[in-house]
Amino acid sequence: MVEELKETVCKANLELVAKGMVIYTWGNVSGIDRDKELVVIKPSGVAYEGMAPEDMVVVDLISGNRVEGRWKPSSDTATHLELYRRYREIGGIVHTHSVHAVAFAQAGMDIPALGTTHADYFYGNIPCTRELDEDEVKAGYEKNIGRVIVETIERYGYDPMDVPGIVVKGHGPFAWGKSPKEAVYHGVVLEKVAEMDIKTLMLNSESRTARYVLDKHYKRKHGPGAYYGQIKQN
């Protein structure tokens, strides 16, 4: 199972490159084996070029200790672990420094739900967290990023799978899903809707779409009444 997860996580990391989401060594994807309580994540500072499944690092969910792999795990590992520990439904996490999403993070702004493309994947605005205070940065920076993400989700009181992404103030976006592949998908969509929002707000700073339209687009893809796509045949 862990060997399969290494392949899945490696492929998901390389998908970030294919979709133009990362350059150099930026960004990371992880996945979790819930039964074994192990997390597989990209190694820290290792280039994507030539990356293979055996380069992935395995860490313990509870302790955060490396249990397998020749490299150090991503510097963002503690953030990923905080989210996995808090939300059992999360099966994969992605972090990037994609340009338009980072712009919202640096501005300290939510990514607003301005249209139906956004609503197809995110049920409402994509929040921006508060900025970490000095003590949080000095002691356990990456862990506290995870905590401030959880704090934001809990403060607004929404299901993290309904809004599977967030921007961290001054830092950048994190996204998640039921699998590493789905997490990357959501990360790519988050970046695209951020780009659409910036361009939309440049044209019309008062732009809005009615809530009932946004609701329709989300619910036709998600939930018991969803009807978008093809019916799976047994």
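Start with the second largest pocket, which has a volume of about 250 Å³. A pocket here is an open set of points on a 1 Å grid over the protein atoms alone, where a 1.4 Å probe fits, with protein on both sides within 12 Å along at least five of seven lines; lining residues have an atom within 4 Å of a point. The volume is the space filled by probe spheres set on the points, joined across faces, edges and corners.

This is a predicted model, in which local features need pLDDT of at least 70 and side-chain atom pairs pLDDT 80 or more, while totals for chains, interfaces and linings use all residues. Residues are numbered from 1 along each chain, and side-chain values use heavy atoms, without hydrogens and water.

Now select the lining of this second pocket, including Thr8, Lys11, Lys181 and Tyr185. Helix H1 (2-18) and H7 each give two or more residues to that lining, and H7 provides the largest share, five residues. Helices are DSSP runs (H or I, at least four residues), numbered from the N terminus.

Next, stay with H7 (residues 180-203), which also gives the most to the lining of the largest pocket, with four residues. That pocket has a volume of about 390 Å³. Select Tyr121, Glu182, His186, Lys221 and His222, the lining residues nearest its centre.

Finally, pick His100 in helix H3 (residues 99-107). Its side chain joins that of Glu191 by a polar contact of 2.6 Å (a pair of N or O atoms within 3.5 Å, one able to donate a hydrogen and the other to accept it; residues adjacent in sequence count only if both atoms are side-chain atoms).
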